[in-house]
Amino acid sequence: MRYLAAVVLCATLVSCGTTDSALREQGNSESYIQGFHDGRHSGMKEEGNPYEQYIRDEVRFADDADYRSGWLDGEAEGKTLQDQAVTIGNAAAGAYSGSQTDRDSGHDMDDVARDAVKGVDTTGLETLGQ
């Protein structure tokens, strides 16, 4: 059960990306926000996510500075999110597949789960239990 909880927590952490409301609060235009979304999907695809698509409006990218800036920022976030997902997934898979061996060798699976999320931004998770 601990393993399932760790996997669910990891999936939740990975899905936490920048929201539209956060981008608006930062004063970004709708063009920037659209570029950000397109770039984030593209960045995840570039990092190997087979469920994402590369999306870039070439005309807007060439002519609209806000869209281009958003796209580049979103691409960077998408790559980061995908890299985190792979790292967490590999750690969780290793913990699950080696669970019997780890139990026998005295490794604490809670420590494995904590190591899997080291360095991951967990802000915003405090409201999950409410």
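**An arginine and its aromatic neighbours**

Tutor: Arg56 lies over the face of Trp71, 4.9 Å from the ring centre. The charged end of Arg56 also sits over the ring of Phe61, at 4.0 Å from its centre. Such a placement requires CZ of Arg or NZ of Lys within 6 Å of the ring centre and within 35 degrees of the ring normal. The model is predicted, so local features need pLDDT of at least 70 and side-chain atom pairs pLDDT 80 or more, while totals for chains, interfaces and linings use all residues. Residues are numbered from 1 along each chain as its sequence is written, and side-chain values use heavy atoms, without hydrogens or water.

Tyr54, Phe61 and Trp71 form one aromatic cluster. Rings of Phe, Tyr and Trp (its six-membered ring) pair if their centres lie within 6.5 Å; planes under 30 degrees apart are stacked, over 60 edge-to-face, and the rest tilted. The structure holds 3 aromatic pairs. Tyr54 and Trp71 make an edge-to-face pair, 5.9 Å centre to centre with 65° between the planes. Tyr54 is in the loop between α3 and α4 (58-63) and Trp71 in helix α5 (residues 65-97), so this pair ties together parts 17 residues apart in sequence. Helices here are DSSP runs (H or I) of at least four residues, numbered from the N terminus.

Tyr54 is partly exposed at 42% relative accessibility, whereas Trp71 is buried at 2%. Buried means under 20% relative accessible area, exposed over 50%, and partly exposed in between (1.4 Å probe, protein chains only). Phe61, too, is buried, at 15%.

Technical notes:
Helix = DSSP H or I, 4+ residues; strand = E, 2+ residues; numbered from the N terminus.
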